[in-house]
Amino acid sequence: MIRQGITVRHVDLAADHSGELASADQAALNIYWWGDLPLGMEPLSAAEMPEGRARLDLLAARFAAEQRLARDPALGAPLVAGAEGAPHRALTIRTAATARESWSWLRETAAPSTHSAADVAIIICTRNRLPDLAKCLAALRTQRSPAGEVIVVDNSSDGNASDLCAASTGIRYVHEPRPGLSHARNTGLSAATRGIVAFTDDDVTPHPGWTAELARAFADSDADAVTGLVLPIRLDTWAQRCFQMMMGGFGDRFVPVLFDRRFFAETQADGVHVWRIGAGANMAFRRSVFDRVGLFDTRLGAGASGCSEDSEIWYRILAVGGACLYEPRAVVFHDHRADWSSLEQQMRSYMRGHVSALVAQRDLFGHRGNVMRIFKQLPRYFVRTAIESVLHAAPDRRKLLRQEIFGWTSGLRYLISPGWRRRRPKLPATLSGTMPR
Amino acid sequence: MRFAIRDVELSQPLQAIDLAPEEVGIALIGRWQERLVGFRMVRAEGRRSISAEALTAIADEAFAMPVLTAIIEREQPRPPSRALPTLTLAICTKDRAVRLARLLATLVEVRDRSPFAATEILVIDNAPSDDSTREVAASHAGVRYVTEPKAGLNFARNTALANATGDLLAFLDDDVVVDRHYLEGLAAAWRSAPEAGGFTGLVLPYRLETEAQICFEERGGFGRGFARREFQATSFAFPLHPAGAGLLGAGCNMAFDRALLLQLGGFDDALDTGRPLPGGGDLDIFYRVLRAGRTMVYEPRYAVFHEHRETVEQLRHQYWTWGLGLMAFLVKSWRTDREWRPQHRALVRWWLLDQLKSVAGAAARLRPRDLRFRLAEFAGGIQGLFGEYDRSQRRVAAIRDRLS
């Protein structure tokens, strides 16, 4: 089915769809909303569209139930994450029976945030992608609540984004010639002056409510970090469809989940499942948390080991007793890589970066689960995926799996390189106290 | 060895359940203010009674989310409901008067408060060997009785089609009884999609009193879940659909737009013939409805209770017929529907790999009974793949010649 083109189709369930939903000439990934509140997504074939009233009503009811469970304190919200980030639910029939007026509850809950984003600094790290950056900056100008500051960190060697940034008003431009996303992120952090720092990437278009929703999430919760939903902009090419539909994209959860000490303890045995917390394309922090846990590890991330500098910071936050909140109401749209070789490279570097972060986490805290993940869970995942790909006749999944295995193999070199492992970044004294010698 | 089946109203506090000595577990049919929301089997693990607290914990885990969804759905603004069409309820039966009587007792009761414009009950007596079926039909008011001398379920279904008067034609097997809200369920399904070509419903166990019945239900039974679903000619989630039409429901509880069935030429006599090819007929008609561009709707409130096979040997035979029926249906579709041949081929390939996987799984876990079931299904499939449809066509041609 994903051989053919797929349209990304946005359906607002709050609108009255009596008969006017367009039919489709190709399959679509339907993303369902209630106004500005994202509810869920589902791919449908052309024959399955347009959806009838009964189908939309049923979807709306199911989504409303999920939102109410995750957002109504009377029903046990917030949900705490467990294995693979899946929320624990403890709903009883007795409490379910107390839920009244759910549709007006949903209307109120879905109302866009009116919080000011004046205390939010946005940091965009970019490298040699001027057209993408221009689009991203344009989307930031249309934010309902403008961010207090927007910082572009140019990670190119020659600073080629400076003209573009000079031409846009209200952008602070910083050049960081040391290659590596972690360097760029750290430079952005030291330039930021606001209490909340939000990171996004140059290939991302934030939703107009993004900054206001981040501000609301930090105001309503004590979490040290907030992550949000990353949706695909388009699925025009085979590589984009594979990334979204086969590899899971950047996640598909539409309810808020709290990742805290309990989640850390529960999943520690096989490497804390921190990669389920979110994606670096849509993450924000209280700036003060970096005083407690240190800056991004410059050995990790794009331009260095490959990725996972984001999840490794979350690991440190959770390890010292902090919490991260996933709030899907803060939405950005990501332009997935269009060509197959970039996707293969991405899969390889994801896995290499993942292994490198596991090594770094093991070294920092001595948690054995990280090693278990490298030598037990990941090989098991490779075998399972290989069998599945034969069973479902998915040769391209096998190709990506090969890249993942390459990435894993090349990630092992970090494990056996004492030099790399000693080059641990400087950390605050508070954190050093928790470290093994 | 049996499971106590309990219908529980979840809006009331649950009471402790005492188990009889031969009962090894409970099967809960959960309802929220009468609406079916879930089914859950729990083994007693030696307990002689299940306390109210334990029962509440089980119910919370299994039913709380569907209850919340049901509550929210009921508050949803609804479009004005349409007037319902006329309905024929057809029961095809052969020499099973006792079971027919059991079904009619439940069916007459729901018919008498039917929301449909008109509701008739039609009994098709298939090649009867005595008068018992006729007598049972005659003992209920307003039950029409028709004989079909050619033995075979799909012969009987076609006779039902020829004799029915309702706009909507619902089929029931004689080994089911209907839920007390069966007709409201069918009405809800029709109102949600009046343009649909067909409807299927939930099939729950009627009793779980033998090892085979428990085993079948624990392996999933006929369960298709408690969420309404719609099926079209293609499905994104299931690339092999509708070649794998078994997802849609089961022949013991299905209904169709009668005009569409006539237009499609009715059921294929060479499938669902009773022995030796007692399967595939439901898959075939679902497939053809979808291929005609019409929707099929699965509605869990449109529910029946099915008497599962009693002995392990009968159950093994049933799995054998599933493999046989599926493959006979695929061979037929491959011949008649050239355009979708890649789908048929892909399904055969998937099925073979999947069967090998479950055979290997059962063997590796040293489960001899499971292994026999899987091998039976596999053997049935292989026989179905190699000429069974042709043999069946020759057999039904002979029956037709003999009786015309």
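Two residues are in contact if their C-beta atoms, placed from the backbone, lie within 7 Å. The model is predicted, with local features needing pLDDT of at least 70 and side-chain atom pairs counting only at pLDDT 80 or more, while totals for chains, interfaces and linings use all residues. Residues are numbered from 1 along each chain as its sequence is written.

**View 1. Domain 2 of chain A against domain 3 of chain A.** An automatic or database assignment places domain 2 at 120-338 and domain 3 at 342-432 of chain A. In this view, 30 residues of domain 2 of chain A are in contact with 31 residues of domain 3 of chain A. The largest share of the domain 2 side, 5 residues, comes from H11(A), where helices (H or I, at least four residues) and strands (E, at least two) are DSSP runs, numbered from the N terminus.

**View 2. The open sheet of chain B.** Its 3 strands follow the order S1-S3-S4 with mixed pairing, two strands being paired if DSSP finds at least two bridges between them. Strands S1 (2-9) and S4 (35-43) of chain B are the edges, each pairing on one side only. Strand S3 (residues 23-32) of chain B pairs with S4(B) in the antiparallel sense over 8 bridges, and B:Gly25 has B:Arg43 as its bridge partner in S4(B).

**View 3. Surroundings of B:Val67.** Leaving aside residues up to four places away in sequence, B:Val67 touches A:Ile93 and A:Ala96 of chain A, together with B:Leu10, B:Trp32 and B:Val37 of chain B.

Conventions: Chains are lettered from A and ligands numbered from 1 in the order in which they are written.
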